[in-house]
Amino acid sequence: DTVNRNIETEIAYKLSSWQIGSMLSLVPPAYQSYFDEFEGDGLLTSEGVVKGILNDSVMPLLDVHLLLEEGKLSYAGFPLPLHDVEGDLNFVSDLKTDAISSVRINRMRASTPRSTVHIAGLVDHLFSDIHADLTMNYRLRLDEFAPVIPDSMNLELHGRAAGKIRSAFSLSHLKKMQLERMRISGSAALSDLDLTYDSLSLKTDRSEIEFALPNRSASAENTGFAFAPILSDN
């Protein structure tokens, strides 16, 4: 469109087992800042449609299906590198507008040096305060996540945990550890747990816990924060 200086696109594509590092070099300079805090590589298989107007201020709508294998990822806001990353995602976005942008996680697996998680769910509000509605199955070495815990919480945590978590939260809540503003529920099988939180301490060889934040069956206003039945050997 030479009158309005637009390029009108409607492109269907399919690619197989591309190296992510080489693909990122093709991102236009105006959008490379979206990836500044990430470093990673892996094999990407994808198909999708790119449709709409392209100019200096507008990008066409991307409707993309992604398969990731043999992935590695590090993120500036997270102190643990990830390896063995595998994923099946649907991504819809114009790289600008929250209302039409989302990532549907059909399946994702990732490992840190001593832990593994499997995740499914929806991530949206990608360009403001990222919001996530996720289900996670996990096997964790709790000591490994000490760098993630804010010093202000005065929390020390050791041992192993395995189970399932359902959660709904915003990135701002997570960064500030505003647990009262999140919705989190699930179960955990704990082994060799040794926990100190402020003036409270807990040590157990093996325990099973179910939990819900907030407590949806609170008997009084001051019992609304959380609910957790606990079964323990000692």
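Here is a walk through this predicted model, from the overall layout down to single residue pairs.

A word on the ground rules. Because the model is predicted, local features need pLDDT of at least 70 and side-chain atom pairs count only at pLDDT 80 or more, while totals for chains, interfaces and linings use all residues. Residues are numbered from 1 along each chain as its sequence is written, and side-chain values use heavy atoms, with hydrogens and water left out.

Let's start with the inventory. The protein has two helices and eleven strands; both kinds of element are DSSP runs numbered from the N terminus, with helices being H or I over at least four residues and strands being E over at least two. Reading from the N terminus, the order is β-α-β-β-β-β-β-β-β-α-β-β-β. The C-alpha trace spans about 75 × 40 × 30 Å along its principal axes.

What do the strands build? They make an open sheet of eleven strands, in the order β1-β2-β3-β4-β5-β6-β7-β8-β9-β10-β11, with antiparallel pairing. Its edges are β1 (7–19) and β11 (230–232), each of which pairs on one side only. From one strand to the next, the twist averages 15°, taking axes as lines fitted to C-alpha atoms and angles as running from 0 to 180 degrees between N-to-C directions. Pairing here takes at least two bridges found by DSSP between two strands.

β1 runs antiparallel to β2 (residues 38–54), and eleven bridges join the two; one place to look is E10, whose bridge partner in β2 is K51. On to β3 (residues 61–75), which is joined to β2 by 13 bridges, again antiparallel. G48 has V64 of β3 as its bridge partner, and a hairpin through six residues connects β2 to β3.

Further along, β4 (residues 78–93) and β5 (residues 102–111) run antiparallel with eight bridges between them. Which residue of β5 stands opposite D88? That's R107. β5 also pairs with β6 (residues 116–124), in the antiparallel sense and over eight bridges. Here S111 has T116 of β6 as its bridge partner, and four residues lie between the two strands of this hairpin.

Next come β7 (residues 131–141) and β8 (residues 155–170), an antiparallel pair with eleven bridges. For L134, the bridge partner in β8 is S167. While you're tracing these strands, remember that in a regular strand the side chains alternate between the two faces of the sheet.

Together with Y34 and F35, L24 makes a nonpolar surface patch of about 260 Å². Patch members have over 30% relative accessible area and no salt bridge, and nonpolar side chains (Val, Leu, Ile, Met, Phe, Trp, Tyr) are joined within 5 Å, like charges within 9 Å. A salt bridge puts a side-chain nitrogen of Lys or Arg within 4 Å of a carboxyl oxygen of Asp or Glu.

Finally, the whole-protein totals. Of the 234 residues, 29% count as buried. The accessible surface comes to about 15000 Å², with 55% of that belonging to carbon and sulfur atoms; areas come from the Shrake-Rupley method with a 1.4 Å probe, and for residues only the protein chains shown count as cover. Among contacts (heavy atoms within 4.5 Å) with a separation of 6 or more, residues 24 or more positions apart account for 51%.

Note on methods
Buried means under 20% relative accessible area, exposed over 50%, partly exposed in between (1.4 Å probe, protein chains only).
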